[in-house]
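The sequence and the model come first, and the points follow by topic.

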Amino acid sequence: MLFNSLHFFLFFPVFCYLYFAVPRRFQHMVLAAGGYYFYGSFSPYFTIILLTITCNDFIAGKMMDATDKISQKKRWLFLSMAVNLGILFTFKYIDFVDNNIRDLLGLLHIGWFVPEPWFNTWVVPVGVSFLTFQSLSYTIDVYKGVTKAEQRFSYFAAFTAFWPVMVNGPIERARNLLPQLHKEHSFDYSNLQQGLFRMGWGLFKKVVIADRLAFYVNDMYAHYNEVSGWTTWLGAFFFLLQVYCDFSGYSDLALGGAKVLGIDVMENFRRPFFSKNLADFWTRWHISLSTWLTDYVFFYLGAYKAKSAKVVFNVIFVLAICGLWHGANWPMVISFTMVGCAMAIRYLWQNNVVRAIRPSNTYKLFDKYFPDWAHSVVTILIFLFCFLLFRVYSAQMALNAAHPENPVSWTAIAAPLYGNLFKLHTANYLTEWLLHKGTIQLGILVFFIVVLFVVEALTGDRKIEQVVLAKNRNFRWSIYIVLLACIVWFGVFNNTTFVYFQY
């Protein structure tokens, strides 16, 4: 069930009615049942995986909470990690590993006993990365003593099957979500206002901007041999915007849906295009994943307390894991590893050079005449260079599906994109690419992109729904009507999937 589908628009009001109509002691059961229905709408078989994760981590959490022996706690934590990561590996990464083993053995002219189509026909459960990471954070927190183990299975099932975040995040933490599930939630008009407006804003970003950008992005990657110079840079920017509006739009829908129920979940984006550097970008983009990797991987490795060489390794390693989490393919891993290398270089520069020259007048002049917006532009350009690989694998799959008689490798797509990236001339394809949907369509797209950046600049780090609802009634209703009209008149509804469903 997609948030931008008719199925969801029928499901959501019915679910809310049932949720608020039942007594408090049954609300979490309705929440769990709704989650299983929501997830099962993709495939009934997916609910078996969800139930397996839930039972495994509920038992592991209770057993860890029941003992003071570290050795026994470690055994149960290992079981939880083995099951969660085993499920994730089996469904998402086993085909990737199989293909790499096959290619490596092929170079050595050694046969591989696994039949070629054995794994590549497996269906990856929707949101399996989000499900496993959210549930795994619970058992890790119980082991560390950060969270007390949940004693009632029905409440824990409501946590793992919390449908607003279960498919595409944010990756919520038990210490935030579980206590809220134990509280009574009655209908609140203020929550309804805030939640519905946040959902409307997310739907606007998805169908008006992201799905309109998809036409240009798909076309550019389909003609990877024809683009160069500014075409590639602009196409990479369009793709970054598409992913941002698509994913942050989904997060807005999730946060809004949860707010209607009276439940607050964590923000997943905080104006990443206003970042001052890549480390700042990392804290503003997909916040639930970046904080998860920081808390459970980066800090475990020693974070910034180790020696410089170890810190460099930590940063690059964590970003490589981030890339692998996003997709079981080399372009994704290399893309995020490049971001990690850029962040490591910045760390060395700040730690060894800037620290030494900071007292000098030269640095003070640089700091004065190099404004914040210039830092943001440089940050985005560096990220665009790395992010160009992000889409290469899905472009390869789309091209090979359309032309199976003439398959291409991901390197065949990446090579011309990067090879022509710094050519000063602009290919003739630029004009055709920009206008292939018409001048009016391009104008509409540019207008709404400007609107997006103006709104984010004006709201700052405040929640947009709180900013709007603080205004007078006439202003609020004007915004409601304009937002609804934009969605209805300018929304693109023939591209229903969300980009991050494949990750």
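Three cavities of 30 Å³ or more are present in the structure, a cavity being a set of points on a 1 Å grid over the protein atoms alone where a 1.4 Å probe fits but cannot get out. The model is predicted, so local features need pLDDT of at least 70 and side-chain atom pairs count only at pLDDT 80 or more, while totals for chains, interfaces and linings use all residues. Residues are numbered from 1 along each chain as its sequence is written, and side-chain values use heavy atoms, with hydrogens and water left out.

**Largest cavity**

- The largest cavity has a volume of about 120 Å³, where a volume is the space filled by probe spheres set on the grid points, which are joined across faces, edges and corners.
- Its lining, made of residues with an atom within 4 Å of a point, comprises 15 residues, and F281, W282, W285, F336 and F383 lie nearest the centre of the cavity.
- Two or more lining residues come from each of α11 (278–284), α12 (287–298), α13 (308–326) and α14 (330–357), helices being DSSP runs of H or I with at least four residues, numbered from the N terminus.
- By class, this lining of the largest cavity has 12 nonpolar, three polar and no charged residues; Ala, Val, Leu, Ile, Met, Phe, Trp, Tyr, Cys and Pro count as nonpolar, Asp, Glu, Lys and Arg as charged, and the others, Gly among them, as polar.

**Second largest cavity**

- The second largest cavity holds about 80 Å³ of space, and its lining consists of Q194, R198, L255, K259, I263, D264, V265, E267, K463 and E465.
- The elements that give two or more residues to this lining are α9 (189–222) and α10 (230–260).

**Helix α8**

- In α8 (residues 174–181), A174, L177, L178, Q180 and L181 are buried, that is, under 20% relative accessible area with a 1.4 Å probe and protein chains only, against over 50% for exposed and partly exposed in between.
- Seen down the axis of α8, the buried residues fall within an arc of 165°, so they line one face of the helix; the arc is that of the directions from the helix axis to the C-beta atoms.
- The cover over these buried residues of α8 includes α2 (24–40), α5 (128–144) and α6 (153–160), contact meaning heavy atoms within 4.5 Å.

**Cysteines**

- The structure holds zero disulfides, a disulfide being a pair of cysteine sulfur atoms within 2.5 Å.
- The sulfur of C341 has its closest cysteine sulfur in C386, at 8.4 Å, which is too far for a bond.
- C341 is partly exposed at 31% relative accessibility, whereas C386 is buried, with a relative accessible area of 4%.

Notes
1 Å grid on protein atoms, 1.4 Å probe; cavity = no way out; pocket = protein on both sides within 12 Å on 5 of 7 lines; lining within 4 Å.
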